Each structure stands twice: as structure tokens, then as C-alpha cells.
Amino acid sequence: MNDIKKISIITNFNISEKLEAATKVAEKLCEHVSKVYIPNSYKDRILRAHAHRSEFVYVPIEEIYSTSDLIIGIGGDGVMLEAARRATPANIPILGINMGRVGYMTELEMTELEKLDEIFKGNFYLDERAMLRVEIRSNKGNNKFSAYALNEAVIANGTTARIIDLELSDNGRLVSEYRADGLVIATPTGSTAYSLSAGGPIVDPKLSCFCVTPICPHSLIARPLIFPDSAILEVKNTCVREKVLHLTVDGRATFDLFFGDTAVITKSALKTKLLRIKNEDFYSKIRMKKFI
């Protein structure tokens with residue numbers, strides 16, 4: 001892993017501030033590498049902005065997510081989640097540079113670009129984060145789709161704020177029935193995202209567990225639950241009033257969950273690798289981000 005040669009930059013190059021940031025990051029990287037890889041869909045935008053560098057190599061996005069030695073994501077946690085979803089199956093590590101409002105998963109700020117030198121000295125480590133495997137099964141037991149999540153899976157009513165009915169089981173054993181706006185099933189990494197906003201606990205990412213948090217439950221006793229990551233969590237749509245509910249994975253992809261369908265959430269065999277340079281512990285980071 002010390003032999004990092006093919007480095008790709010991912011960001012929204014259509015936003016001027018992020019294009020400028022990517023140029024600064026590339027300038028620093030080019031002190032150590034002869035090429036920096038950029039998605040070819042942004043080539044015209046970079047040329048129009050007169051931001052092209054001779055070291056830039058424009059390649060299909062699929063190549064970036066399959067052959068890079070390191071992907072640098074510039075933005076907030078959104079760009080990190082997208083990179084994790086696509087880079088993790090190829091075992092490619094990700095380094096985040098924050099330009100978002102929170103950027104909990106990112107490693108550096110734009111004022112810390114000199115720390116990129118440490119990558120080429122081998123002064124870094126890989127922070128492995130557990131992921132969820134999410135499936136939808138029909139009431140006949142057919143597998144309708146599967147996906148992976150670094151943060152969470154959310155079952156809700158979509159754009160309409162109406163109470164829905166869900167049934168939570170662990171490997172076929174009933175845990176609870178919920179009347180709520182929805183349910184969040186989060187990894188420890190995702191415990192500082194939507195789950196936290198819904199009243200869930202902050203969970204140290206070294207723990208092997210899932211956190212299940214109801215969203216605005218219509219109950220005085222519904223509380224977040226912590227399960228071991230060996231659990232097989234099954235969330236069944238038992239809502240008669242609504243035609244279809246929605247399962248959203250990491251705030252990105254959304255899938256229909258019809259009456260009688262079940263979302264099955266288990267620990268994925270995949271692990272997202274976040275490249276770390278600074279020797280910050282978990283609690284110093286959450287203090288800095290003002291979670292506690």
C-alpha cells in the first residue's frame with residue numbers, strides 16, 4: 001500500500017470553488033506523481049475554466065473506481081458516501097478533503113494540504129469501516145435487489161409526512177412493531193448522520209454493531225436499539241394505508257418497498273477503507289465537529 005502511484009480526484013467540478021480546490025490539490029500531488037486522474041465527463045468544464053494541467057489524465061469514471069491506488073474526494077460526507085459505494089468493491093482506499101458543512105468522514109481541511117506529503121512517506125494508516133448489505137425480498141421470498149451502505153438504510157414514506165407501520169425482526173424473531181415516520185438502521189459510522197438526528201446514540205466505529213432508531217415514533221416507549229452485527233435484521237412493510245414505502249440507502253438510491261415486502265439488513269463482507277494521516281482519535285473528531 002506504500003506504493004501509491006495512480007491517484008484520482010473526485011468532486012463536483014461544475015462548482016467553481018470545488019474546481020479551484022481540486023486544482024490546488026492536484027498541484028500538491030504533482031510534487032510526487034506525474035499524473036492525476038480525473039473523470040472524463042468533466043474535461044470540457046476544466047478546459048473552459050482554463051484549469052487544465054499537463055498532468056491531468058481524463059478517464060471514464062468506471063476506470064477510476066476500478067484501477068486507482070487512491071481516490072481523493074473533495075467535498076463533504078456526500079462525496080465520501082458516493083466514493084465508498086463505488087470504490088469499496090475494488091478495495092480502493094479513499095481520502096476525504098472537507099469542503100462541506102460537517103465532513104465527519106473526511107480527513108483534511110483545505111488549509112492542511114501540506115499533509116498530503118505524508119502519503120508518499122508512508123505515514124498513514126487505513127481506517128476500515130463496516131458496511132451494511134441491504135436486500136428487499138417480496139412476500140413470496142424472492143430477492144428483488146441488493147445494495148451496500150456505509151452509513152444507513154432508511155425505510156420511510158418518502159416526501160409525505162405520514163405515520164407508517166413496520167415490523168422489526170431479528171432472524172425471524174419478532175423484536176418490535178413500530179408506528180412512526182420511519183426507521184433508520186445505521187452502522188457505527190452512520191451513527192453520526194441521520195440516526196443521530198433521529199435521536200440515536202453516537203457509536204464508536206470500533207464496535208461491531210447496528211443501531212436501529214425509529215423516526216418520530218408514535219409511542220412513549222420506542223427507543224433506539226443496538227444489535228450485534230451478526231444479527232439478520234428484517235423490516236417488513238405492514239402498512240395497509242400506504243401503497244408503497246421507500247427504502248433509501250446512504251441518502252442516494254431509493255427503492256420501492258410494497259406491502260408485505262421485507263428489507264433484510266446484514267453485515268456486508270465489504271469494508272470501506274478511509275486513508276488517515278492525522279493521529280486523531282474518534283472522540284476528538286466528534287468534539288471538533290460539535291457532536292458532543
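Trainee: Which residue in β17 is the bridge partner of Val 249?

Mentor: Ala 253 is the partner of Val 249. Keep in mind that this is a predicted model, where local features need pLDDT of at least 70, side-chain atom pairs count only at pLDDT 80 or more, and totals for chains, interfaces and linings use all residues. Numbering runs from 1 along each chain as its sequence is written, and side-chain values use heavy atoms, with hydrogens and water left out.

Trainee: In what sense do β16 and β17 pair?

Mentor: Antiparallel, with six bridges between β16 (residues 244-249) and β17 (residues 253-258). Strands are DSSP runs of E, at least two residues, and helices are runs of H or I, at least four, numbered from the N terminus; two strands pair if DSSP finds at least two bridges between them.

Trainee: And what's in the turn?

Mentor: The hairpin has three residues between its strands, and Asp 250 there has a positive phi of about 55 degrees.

Trainee: Is Cys 211 buried or exposed?

Mentor: Buried, at 1% relative accessibility. Cys 209 is buried too, at 9%. Buried means under 20% relative accessible area, exposed over 50%, partly exposed in between (1.4 Å probe, protein chains only).

Trainee: Which residues of α4 are buried?

Mentor: In α4 (residues 77-87), they are Val 79, Met 80, Leu 81, Glu 82, Ala 83, Ala 84 and Ala 87.
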